[in-house]
Each structure stands twice: as structure tokens, then as C-alpha cells.
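Please open the model in a viewer and follow the selections below in order. The model is a predicted one.

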Amino acid sequence: MKTIPKEAFQFLEQLKENNHRDWMTEHKKQYQRNEKKLKEFYAAIAERLNEKDEIEKTKVFRINRDVRFSKDKTPYNIHRSVSFSRAGAHRRGGYYLRLEPGNSLIAGGFFSPEPADLLRIRKEFEMDDQEIRDILSDPDFKKAFGGFNPSNQVKTAPKGFSKDHPSIDLIKNKSFYVTHDFTDKEVFAPDFLDKLIYHYELLRPYFDYMSDVLTTDLNGVSLLDD
């Protein structure tokens, strides 16, 4: 079974203390060896996801940081991240993994959706919030993820929505994703891949629901071409 090499975290810990180009240049071969092993692990994730879903793309995020508009000018990320995009316009949602010493997590859902999708989601919650609440309150889902991050909300109510609406706690969200943290011990364990897949599969009812919302109008009529 594919596992995360401890050397990858040792490298990231050293990078955190030596976040400059000279050090990275000196340790380039070590970085490349780790990346090769990590990409093998990412491929194993995609293969397992494809058993019950359909993955269109695996995106490995660059270790180089875009510092143009950041006060932090350190050139490298101190984590490694990858996302898995679902195939087809009728499959919405995506899987994400971040590997970082002491701060590893998975995420899934919809981060900063485009304005049309954001409005459609909010309108759905305004009209009927029962199905999404059933999904979020499922015992296994709730234990794994909790709920949407309340810090990613507007302060009162989005334009066009009442702050007194019973679903305002959902409508105020600007993103609709959930996360689950993993300890370093869990990351290095032989069953880490199995745990990832278990948590990713818990997202499927949520993805199926949101896919239906985002591919239909408020009357339930499909927006996709036949």
C-alpha cells in the first residue's frame, strides 16, 4: 500500500527554517525525490476515488509561492497540496489534500464559487434547506467534518436576502466546503490512504446534492444540454 514518506515532512520542516532559494537549490535533489514519492501517492488516491467516482484531473500545487501581493515574501510553501477534480459538467465538487507537519487536512466542496453558482446555492437554501441540513447532520458526516466554516460568511445577510430568514446561517456562507484534520501519526500510518478514501466518500451525498442544485433551475429543470 502506498504511504507518505517521513522524509517529505522532514524536508518541509527544514524548509520552514530555511525558506530561501539558496537552500532550495542546494536540496533540489531531495525535493525531487520526495515529489516523486508523493505523486505516486496522489496517483493511488485518484485510482481509489475512480472506483466510485470519476476523476478528470489531478492538480499538484506548486511549491513556489506567488508573493506579488503578499507581505510574506518567503518564496516557498511549507506544505504540499493536491486537488482532484470530478469529471463532467454534471459532477460538481472537488477533493483536496494538504500535507504539512502538524497541520495536514483534507477538504471538499465549493470554495468561493462564481457569482452565478453562489446565488443559485443561496436561493436553494432560501427555498428549501431540509435536504442540506439532513446531509450536514448525518452522524458520520458530522463526526468527520462538523459543518461549514462560520468564519467564511458575510456579516449580516447577502443582498436580496432577509437577515431574519430561518436559513440565514446557511445563506450567509461565501464558500461551502468542509475539512478534516489529520495528525502526523495518522499521515504516516499504513492505513492513511484508506482513511482518506473513507472521508472522501462521506462527501458523495453532499456532492450529489450540490451537483443537482447547480445543474438545475429553481423549478428543477436541467440546465445541461441533452
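Begin with the largest nonpolar core, which has 57 residues; I45, F84, L97, Y200 and Y206 touch the most other members. Next, colour helix 3 (residues 28–49), which gives the most to this core, with eight residues.

Leaving aside residues up to four places away in sequence, Y206 touches G109, F110, I132, I135, F141, F148 and F176.

Five strands form an open sheet in the order 1-2-3-4-5, with antiparallel pairing. Strand 1 (55–60) and strand 5 (176–182) stand at the edges, each with a single partner strand, so one side of each has no neighbour in the sheet. On average, and with direction ignored, neighbouring strands are turned by 15° against each other.

Zoom in on strand 1 and strand 2 (residues 80–86), which run antiparallel and are joined by five bridges. Select T58 here: F84 in strand 2 stands opposite this residue. F84 was also named among the core residues that touch the most other members.

Helix 10 lies across strand 2, strand 3 (94–99), strand 4 (104–110) and strand 5, and runs at about 30° to strand 4.

Finally, show helix 4 (residues 115–127) together with helix 10 (residues 204–214): their axes come within 9 Å and cross at roughly 105°. Helix 4 is therefore roughly perpendicular to helix 10. Select D117, R120, I121, E124 and F125 of helix 4 with Y209, M210, V213 and L214 of helix 10 to see the contact. By class, this contact has six nonpolar, three charged and no polar residues.

Key:
Residues are numbered from 1 along each chain as its sequence is written. This is a predicted model: local features need pLDDT of at least 70, side-chain atom pairs count only at pLDDT 80 or more; totals for chains, interfaces and linings use all residues. Side-chain values use heavy atoms; hydrogens and water are left out. A nonpolar core is a set of buried Ala, Val, Leu, Ile, Met, Phe, Trp, Tyr and Cys residues joined through side-chain atoms within 4.5 Å. Buried means under 20% relative accessible area, exposed over 50%, partly exposed in between (1.4 Å probe, protein chains only). Helices (H or I, at least four residues) and strands (E, at least two) are DSSP runs, numbered from the N terminus. Contact means heavy atoms within 4.5 Å. Axes are lines fitted to C-alpha atoms, for helices over the stretch in contact, and angles run from 0 to 180 degrees between N-to-C directions. Angles under 35 degrees count as roughly parallel, over 145 as roughly antiparallel, 65 to 115 as roughly perpendicular and the rest as oblique. Ala, Val, Leu, Ile, Met, Phe, Trp, Tyr, Cys and Pro count as nonpolar, Asp, Glu, Lys and Arg as charged, and the others, Gly among them, as polar. Two strands pair if DSSP finds at least two bridges between them.
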